[in-house]
Amino acid sequence: MIALLYDIHGNLPALEAVLADAEAAGAAGYLLGGDYAALGPWPRETAELLETLPAVARIRGNVERWLREEPEAPASAQGFLAAALTAARESLGPALLDRLYDLPEQAELDGILVCHGSPLSDIESFAPEAQADEERMLAGEGQRTILFGHSHQQFRRPGPNGTQLVNPGSVGAPLDGDTRAAWAVYASGQIGFRRTAYDVQRAASRMRSYGDWAEPIVRRIEHGSD
């Protein structure tokens, strides 16, 4: 059994709780889908713990890329992102930052395409309901399962071109109204969804200590929504 972990965002208590659940369930390896450290309470500690796991695949997300590149985000979000990414860089240090940035953008697991947002992009992602223009985000892929994250919403549904779209959800900052860590398991060719309770207030309190800029992240952790 492989545990599928996406969008952890430096939430160490959530990750520790999920790892305990995964170990108890018999996980033999981990697939890590990006957005590991930045925009969260414990960037370095979370990234270091993830590096100790036996990973069958490990890709980078948009926040790993943003550690070195300009974020593609509205002007209204740039101040928040600058503060969050600066905090992450200072916590991670140059060597760990380099390792995160240098991770591949995509991987495969038993014919499943593993990406962060979509085959097209690490910031454009599929919605829980079908959208009119979503076929372009497949970038020509078809007839297989696409595993992705980024939206922090746990769901699966048929996609265009004979695809199955599967989002394990976010370990560290779910956005579906459920504050429990979201993840998934892969066994015998099937993907099953999981939720794990953890100490939400410990994570929120640590995040609040960063200052006013961190309040949007605190809200996500405490309420499971923006």
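Guide: A pocket is an open set of points on a 1 Å grid over the protein atoms alone, where a 1.4 Å probe fits, with protein on both sides within 12 Å along at least five of seven lines; lining residues have an atom within 4 Å of a point. This model is predicted, so local features need pLDDT of at least 70 and side-chain atom pairs pLDDT 80 or more, while totals for chains, interfaces and linings use all residues. Residues are numbered from 1 along each chain as its sequence is written, and side-chain values use heavy atoms, without hydrogens and water.

Visitor: How many residues line the largest pocket?
Guide: Look around Leu 39, His 150, His 152, Leu 175 and Arg 220, which lie nearest its centre. The elements α3 (62-66), α4 and α6 (215-223) each give two or more residues to the lining. The lining residues number 21.

Visitor: In what order do the strands of the open sheet stand?
Guide: Strands pair if DSSP finds at least two bridges between them. The sheet has 5 strands, with mixed pairing. Its edge strands, β3 (55-58) and β10, each pair on one side only. The order is β3-β2-β1-β9-β10.

Visitor: Which residue of β2 stands opposite Ile 2?
Guide: β1 (residues 2-5) pairs with β9 in the antiparallel sense over 3 bridges, and there Ile 2 faces Tyr 186. With β2 (residues 29-32), β1 runs parallel, joined by 4 bridges. In β2, the residue opposite Ile 2 is Gly 29.

Visitor: Why is β9 called largely enclosed?
Guide: Buried means under 20% relative accessible area (1.4 Å probe, protein chains only). Strand β9 spans residues 181-187. It is largely enclosed by the rest of the structure because its buried residues are 6 of the 7.

Visitor: Which residue in the hairpin of β9 and β10 takes a positive phi?
Guide: β9 and β10 (residues 190-196) pair in the antiparallel sense over 7 bridges. Ala 181 has Thr 196 as its bridge partner in β10. The hairpin has 2 residues between the strands. The positive phi, near 50°, belongs to Ser 188.

Visitor: Which residues have the most contacts inside the largest nonpolar core?
Guide: Such a core joins buried Ala, Val, Leu, Ile, Met, Phe, Trp, Tyr and Cys residues through side-chain atoms within 4.5 Å. The largest has 46 residues. Helix α4 (residues 75-101) gives the largest share, 8 residues. Those with the most contacts are Leu 5 and Tyr 30.

Definitions and conventions: Buried means under 20% relative accessible area, exposed over 50%, partly exposed in between (1.4 Å probe, protein chains only).
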